[in-house]
Amino acid sequence: MSVTTFETMGTVVSVRGASTATASTVRAVFAGYDHRYSLYDPASVLSRIAAGSLRLADSPDEVRAVYALALQWRDRTGGAFTPHRPDGVIDLSGVVKALAIRDAGAVLDAAVAPGDEDPAWMLNAGGDVLVRGRHGADPWSVGIVDPDQRDVVVGVVRLDDRRAVATSGTAERGEHVWRRVAPTFRQATVIADDVVTADVLATAVVAGDEEDLRRITGEGTVDVLAFGVDGRVWATPGATGVVRAGSASPAA
């Protein structure tokens, strides 16, 4: 299966199961999001809003819609996820990468050949993964790295059909998550039916506390594996089987 990789949004994206032309279109999807929402590009819409040269109310409809989506997630997570940095700047990085993955997945779906009864592809953007189908006869495999030992894989998520997994944490990028409470979690992996839900909730778990984790997992619609700063590991029933024997001790 062909693999294409490229750098964007401060991370590396890999695309498996796409033609050269389709992979190029996928790359353009990510570039478009990066151009609109990067706070590192002074010409982006968000940079202009942050600088005060453009009002949010005067920004493109798409940008305001993404901001509204981020506010919805803020409300749904009780504020654990937020599009506002501590200094008040609007930062949509917590949702736009997942939106780019989602839209790139639509590109891959549209490229499926007519009559193909077993389409399969994988998108991996810095550890946030969306898949369709299976990797040959087996589900796709996504490794979860130990937050304390980055060369140790403590679990493997098996994905098939159309499922997503996202991981947020501080091991690689340091304290980049805006915590609203004293640190409770070092890393969280969320398995969901869509990548936006997985990505946002992974961030919300790391930013929050045990009460936020209970709220996020209460409906039973996602599975979560979370590593605490005190060494404890939390796992929903569906995520318990992800952890390799002897690697961790899941706790409710």
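This is a predicted model: local features need pLDDT of at least 70, side-chain atom pairs count only at pLDDT 80 or more; totals for chains, interfaces and linings use all residues.
Visitor: What does the protein chain hold in helices and strands?

Guide: The protein chain has 7 helices and 11 strands. Its radius of gyration is 18 Å, close to the 18 Å that the globule rule gives for 252 residues, so the chain is as compact as a globular protein of that length. Along the principal axes, the C-alpha atoms fill a box of roughly 55 × 50 × 35 Å.

Visitor: How much of the protein chain counts as buried?

Guide: Buried means under 20% relative accessible area. Of the 252 residues, 47% count as buried. The chain exposes about 12000 Å², with carbon and sulfur atoms supplying 48% of it.

Visitor: Which share of the contacts joins residues 24 or more positions apart?

Guide: Take the contacts with a separation of 6 or more. Residues 24 or more positions apart account for 55% of them.

Visitor: Why is helix H5 described as largely enclosed?

Guide: Count its buried residues. In H5, 13 of the 13 residues are buried, so the rest of the structure largely encloses this helix. H5 covers residues 195-207 and reaches 18 Å from first C-alpha to last, close to the 18 Å expected.

Visitor: What lies at the start of H5?

Guide: A side-chain oxygen of Asp194 comes to within 3.3 Å of the backbone nitrogen of Val196.

Visitor: Is Thr22 buried or exposed?

Guide: Compare its relative accessibility with the 20% cut-off. Thr22 has 12%, so Thr22 counts as buried. Thr22 sits in helix H1, residues 20-37. Leaving out residues up to four places away in sequence, Thr22 touches Val107, Leu108 and Ala111.

Conventions: Residues are numbered from 1 along each chain as its sequence is written. Side-chain values use heavy atoms; hydrogens and water are left out. Helices (H or I, at least four residues) and strands (E, at least two) are DSSP runs, numbered from the N terminus. The expected span of a helix is 1.5 Å times one less than its number of residues. Buried means under 20% relative accessible area, exposed over 50%, partly exposed in between (1.4 Å probe, protein chains only). A polar contact is a pair of N or O atoms within 3.5 Å; within protein, one must be able to donate a hydrogen and the other to accept it, and residues adjacent in sequence count only if both atoms are side-chain atoms. Contact means heavy atoms within 4.5 Å. The radius of gyration is taken over C-alpha atoms; the globule rule is 2.2 Å times the number of residues to the power 0.38. Accessible areas come from the Shrake-Rupley method with a 1.4 Å probe; for residues, only the protein chains shown count as cover.
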